[in-house]
Amino acid sequence: MDCQLLPVLLLLWALGPQGQRQEPESPSEELLEESPEEEVPQEDGILVLNSRTLGLALREHPALLVEFYAPWCGHCQALAPEYSQAAALLAAESARATLAKVDGPAEPELTEEFRITSYPTLKFFRDGDRAHPEEYTGPREAEGITEWLRRRVGSSAMRLEDEAAAQALLETRDVVVIGFFQDLQDKDVATFLRLAQDALDMTFGLTDRPQLFQKFGLTKDTVVLFKKFDEGRADFPVEEELGLDLGDVSRFLVTHSMHLVTEFNEQTSPKIFAAKILNHLLLFINQTLAPHRELLEGFREAAPPFRGQVLFVVVDVAASNDHVLQYFGLKAQEAPTLRLINVETTKKYAPEDRGLITAASVAAFCHAVLSNEVKPYLLSQEVPPDWDEQPVKTLVGKNFEQVAFDETKNVFIKFYAPWCAHCKEMAPAWEALAEKYRDHEDVVIAELDATANELEAFPINSYPTLKYFPAGPGRKVIEYKSARDLETFSKFLDNGGELPAEEPLEEPVAPSPEPLANSTRGPREEL
């Protein structure tokens, strides 16, 4: 199993050969031919498939979304009611899409065929194409699943014929995107429609009508984002020679569909990280205090010149945002204050001048960070007075160097996150290891909370991470990537940081979460 923050779902398949018998391309195909008349059972409107019935379902259902799940998987259990509700929504509107599921552990041939490495995984099969399913990339809630399918079995953008239709569309949502194309057969239109398939938080329209070009002041092909906030509209002209680039227009839409200032919460955090804007400026305030709320005006005033370069975010310290405060090493009483983070490097910055927060001071801080005039800071807890009294020694940023690079000691360190299930699972083995070697004066078993203590020389990207620092000069470091049990740990230590070639392969880890995202996204559970 693994803990990770990411998408979930996969799909299904199988078209068995017709007519004269041929050699099957996979074991699953052979099974399909042996029981062609078998009925496919259903649960809550969802087809329950196995290696014998997958091909039958593919032949009967031209648009099939298949979830590969494991009965023990917590994320699969959380998805189950949403998946059932999505099936009901599709049935109620007589949609041309069908939902199905496969018990992955019970169907090893299918998990191998479709290379299923995590649960849940969803795949979308169109027109019975077993060889090229599309990975499901949509939300994990019923309406999102349904809309993702609607945009694949139907049109992803509404055709607009006149001003009344355009105006009606603009009134439906806060963010509406309309593609203005003089020739709807142009390849740029196909790119636009492909983009519309996945941008589920926006509504899309499409037109080639000259009167609509004139109505909105356009003379050339343009993708226009209309919004009921901030600037109200943003235009993306299509270059005649280069055409419409999917990546460029996608980034444009994500950037301009965001509010200039976004309040961080459970609903907005996915979009904050999807924006792919590397620099996030956070204003920590207590929204219950009027003097704090008054700072928002200056914060917003500073934002426009940095659109697309710095994402302006407000964090309410009076709300359920303790995990954000912890990530930046802050306490609620320190608000109001600013922090800037680069989400690619995870480097954090604080203003050197802790004076008033105004539009001018906010802009100056952004410019200083972007110009590399401000040094990042590292988190570190204070050294506990009893840090070395237990078999497992407690390390923090301030005593890490002293302990890890003690030339008289062989130091084995677990870098962990308090929320990581894998770290908790291996804790008894780590304690047992420390107890076993407690009388070895040259061996130190230690742990460091990597979410509260940052090490410039050792960025931790997954949990748990295990590193061995052998005694002697040279600051040598060996990363441990084998089984997490007492016996294997002991062999590793007894062999001076090496294992025999036949030892188990690397075990799964939980990647370090995107900044701020820990409480809003769950871990991935792997095979």
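## A first look at this structure

Y327 and F328 are both buried. Welcome to this predicted model, in which a search of the whole structure finds 32 aromatic pairs and 26 salt bridges. The notes below go through some of the rings, one of the sheets and several charged pairs.

**Aromatic pairs**

- A search of the whole structure turns up 32 aromatic pairs. Y327 and F328 make one of them: their ring centres are 5.3 Å apart and their planes stand at 75 degrees, so this pair is edge-to-face.
- F412 and Y468 also form an edge-to-face pair, with 5.9 Å from centre to centre and 90 degrees between the planes.
- This second pair links distant parts of the chain, as F412 sits in strand β20 (residues 410–416) and Y468 in strand β23 (residues 465–469), 56 residues apart.
- Buried or exposed, where do F412 and Y468 fall? Both residues are buried.
- F412 and Y468 also belong to a cluster linked by ring pairs, together with W430, Y480, F489 and F492.

**Charges over rings**

- Some rings have a charged residue over the face. R152 is placed this way over W148, at 3.7 Å from the ring centre.
- K414 lies over the face of Y416, at 5.4 Å from the ring centre.

**A five-stranded sheet**

- Five strands come together in an open sheet with mixed pairing, and their order is β14-β16-β15-β17-β18.
- Which strands form the edges? They are β14 (261–263) and β18 (348–349), each of which pairs on one side only.

**Salt bridges**

- The whole structure holds 26 salt bridges by the search. One of them joins R150 to E143, with the closest N and O atoms 2.8 Å apart.
- R150 has 24% relative accessibility, so R150 counts as partly exposed. E143, at 38% relative accessibility, counts as partly exposed as well.
- R150 and E143 take part in a network of salt bridges that also links E93, E147 and R151.
- D248 and R251 form a salt bridge too, and their closest N and O atoms are 2.6 Å apart. Where do these two residues lie? Both are in helix α9 (residues 246–257), three residues apart, which is about one turn of the helix.
- D248 counts as partly exposed because its relative accessibility is 37%. R251 counts as partly exposed at 46%.
- E382 and K398 bring their side chains together in a salt bridge of 2.5 Å, N to O. E382 lies in the loop between α14 and β19 (392–395), while K398 lies in the loop between β19 and α15 (400–404), so the pair ties together parts that are 16 residues apart in sequence.
- Both E382 and K398 are exposed.

Methods
Residues are numbered from 1 along each chain as its sequence is written. This is a predicted model: local features need pLDDT of at least 70, side-chain atom pairs count only at pLDDT 80 or more; totals for chains, interfaces and linings use all residues. Side-chain values use heavy atoms; hydrogens and water are left out. Rings of Phe, Tyr and Trp (its six-membered ring) pair if their centres lie within 6.5 Å; planes under 30 degrees apart count as stacked, over 60 as edge-to-face and the rest as tilted. Buried means under 20% relative accessible area, exposed over 50%, partly exposed in between (1.4 Å probe, protein chains only). Helices (H or I, at least four residues) and strands (E, at least two) are DSSP runs, numbered from the N terminus. A charge sits over a ring if NZ of Lys or CZ of Arg is within 6 Å of the ring centre and within 35 degrees of the ring normal. Two strands pair if DSSP finds at least two bridges between them. A salt bridge is a side-chain nitrogen of Lys or Arg within 4 Å of a carboxyl oxygen of Asp or Glu.
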